[in-house]
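Please look over the model shown here before reading the points below. They are meant for someone who has not seen it before.

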Amino acid sequence: MVQILSADAVSELLSLEELFPVVEEAFIKQGRGEVERPPRPHFPVGIDVDNVRDGVEGQERDSDDVQPPLGTALTMPAYIHGRAVYATKLAAVHEHNLEHGLPTVNAQIVVTDATTGLPLAFLDGTTVTSARTGCIGGLAAEYLASDPVRLGVVGAGTQARWQARAIAAGSDVESVRVYSPSDSREACAADLRDDGLPADAVETPEDAVADATVVVTATTSTDPVFDGDWLEPGTLVVAVGAYTEAMQELDRTTFDRAARVFADVPDEVAAIGDVRAAGLSEDDLIPLSEVFEGVVGRESADEILVVESVGSAVLDAAAAEYFVEKAKERGVGVDVGL
């Protein structure tokens with residue numbers, strides 16, 4: 001029998017406060033090399049067949065006529081040494097989903113018995129991804145920022161909400177200012193107010209960033225979303241949107257002003273547009289796990305610090321195991337035979 005945990009079931013079980021130590025431990029295991037985390041293949045999906053056919057036949061087409069792929073699919077497996085299970089996440093990123101009222105990121109996670117290879121659970125990975133990614137910002141703020149937090153958020157999608165919720169779960173949040181070039185900023189701020197956060201939508205990115213002690217970027221931008229000169233001394237910047245070479249949220253000024261740059265997965269973060277445009281390499285990035293191990297952190301109140309995140313399947317594996325075990329304890333979910 002395989003346990004099925006729907007989005008509603010995962011939401012019912014979710015506690016950000018409980019998930020924080022799960023994610024933190026997963027980071028530490030990853031930093032110590034006590035995990036298996038193969039490269040995550042990603043590939044375009046929703047490709048126009050006519051575009052491909054014309055390319056094969058060598059026919060020239062106006063670039064304006066060529067439609068880009070509709071999305072990107074990713075496969076993300078991971079195993080934490082000594083655990084009874086491993087997990088594989090099947091994820092998809094479709095930027096235009098927001099136009100249809102759908103999440104940009106959708107995912108499913110398969111949990112498998114590490115001893116027998118038999119499937120144990122199949123659960124909604126979208127909520128898991130949102131929550132565990134939110135915990136990255138929440139933990140970063142808890143370790144690297146001071147209370148009370150004045151939070152500036154650039155981006156107004158699902159992850160912008162989860163970052164704000166998680167930071168509020170681990171820190172005292174005094175204010176939240178949300179900017180997005182679309183009217184979605186109003187909806188995002190309203191949702192956060194419904195969650196009990198003191199959130200307001202603002203008209204410009206400078207309004208969001210100026211005077212903030214923590215700045216979160218959660219966009220799919222290919223160009224910097226704010227000017228690094230706007231940052232106040234002592235600001236923590238958490239960038240969670242860029243995950244490819246073409247994507248960029250932070251400008252070079254932000255990195256030039258930063259005392260240290262932390263990365264959840266340094267080798268993968270080194271390849272994204274933010275870091276490449278700043279002329280940095282993997283050697284310039286400090287594993288975020290070292291913060292949780294107490295090896296490195298904030299050294300003065302005036303330091304600007306940057307945390308870059310592309311996501312790690314190790315966090316998915318740890319979070320999925322947490323949800324599956326909690327579901328068994330609570331009698332949540334549906335068992336089905338395959």
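The points that follow take up ring pairs, salt bridges and pockets in turn.

1. This is a predicted model, in which local features need pLDDT of at least 70, side-chain atom pairs count only at pLDDT 80 or more, and totals for chains, interfaces and linings use all residues. Residues are numbered from 1 along each chain as its sequence is written, and side-chain values use heavy atoms, with hydrogens and water left out.

2. Rings of Phe, Tyr and Trp (its six-membered ring) pair if their centres lie within 6.5 Å; planes under 30 degrees apart are stacked, over 60 edge-to-face, and the rest tilted. The count by this rule is three aromatic pairs. One of them is edge-to-face because the ring centres of Y143 and F292 are 5.0 Å apart and the planes stand at 65°. This pair links distant parts of the chain, with Y143 in helix α4 (residues 125–144) and F292 in helix α11 (residues 289–292), 149 residues apart. Helices (H or I, at least four residues) and strands (E, at least two) are DSSP runs, numbered from the N terminus.

3. Buried means under 20% relative accessible area, exposed over 50%, and partly exposed in between (1.4 Å probe, protein chains only). F292 has 8% relative accessibility and so counts as buried, while Y143, at 35%, is partly exposed. Ring pairs also join F27 to Y143 and F292 in a cluster.

4. Which residues form another edge-to-face pair? They are Y322 and F323, at 4.9 Å centre to centre with 65° between the planes. Both Y322 and F323 are buried.

5. A salt bridge is a side-chain nitrogen of Lys or Arg within 4 Å of a carboxyl oxygen of Asp or Glu. The structure has 17 salt bridges. In one of them, R37 and D267 have their closest N and O atoms 3.7 Å apart. R37 is in the loop between β2 (35–36) and β3 (42–45) and D267 is in helix α9 (residues 266–269), so the pair ties together parts 230 residues apart in sequence. R37 is partly exposed at 25% relative accessibility, and D267 is partly exposed at 42%. Salt bridges with shared partners join R37, R40, D267 and E268 into one network.

6. D316 and K89 also meet in a salt bridge, at 3.1 Å from N to O. Since D316 belongs to helix α12 (residues 313–330) and K89 to strand β5 (residues 85–93), the pair ties together parts 227 residues apart in sequence. D316 and K89 are both buried.

7. The largest pocket holds about 1200 Å³ of space. Here a pocket is an open set of points on a 1 Å grid over the protein atoms alone, where a 1.4 Å probe fits, with protein on both sides within 12 Å along at least five of seven lines; lining residues have an atom within 4 Å of a point. Grid points are joined across faces, edges and corners, and the volume is the space filled by probe spheres set on them. Its lining has 48 residues, with T104, V105, Q159, A218 and T220 nearest the centre.

8. The second largest pocket holds about 260 Å³ of space. It is lined by 16 residues, of which P69, G71, T72, E95 and Y243 lie nearest its centre. Strand β3 gives the most to this lining, with three residues.
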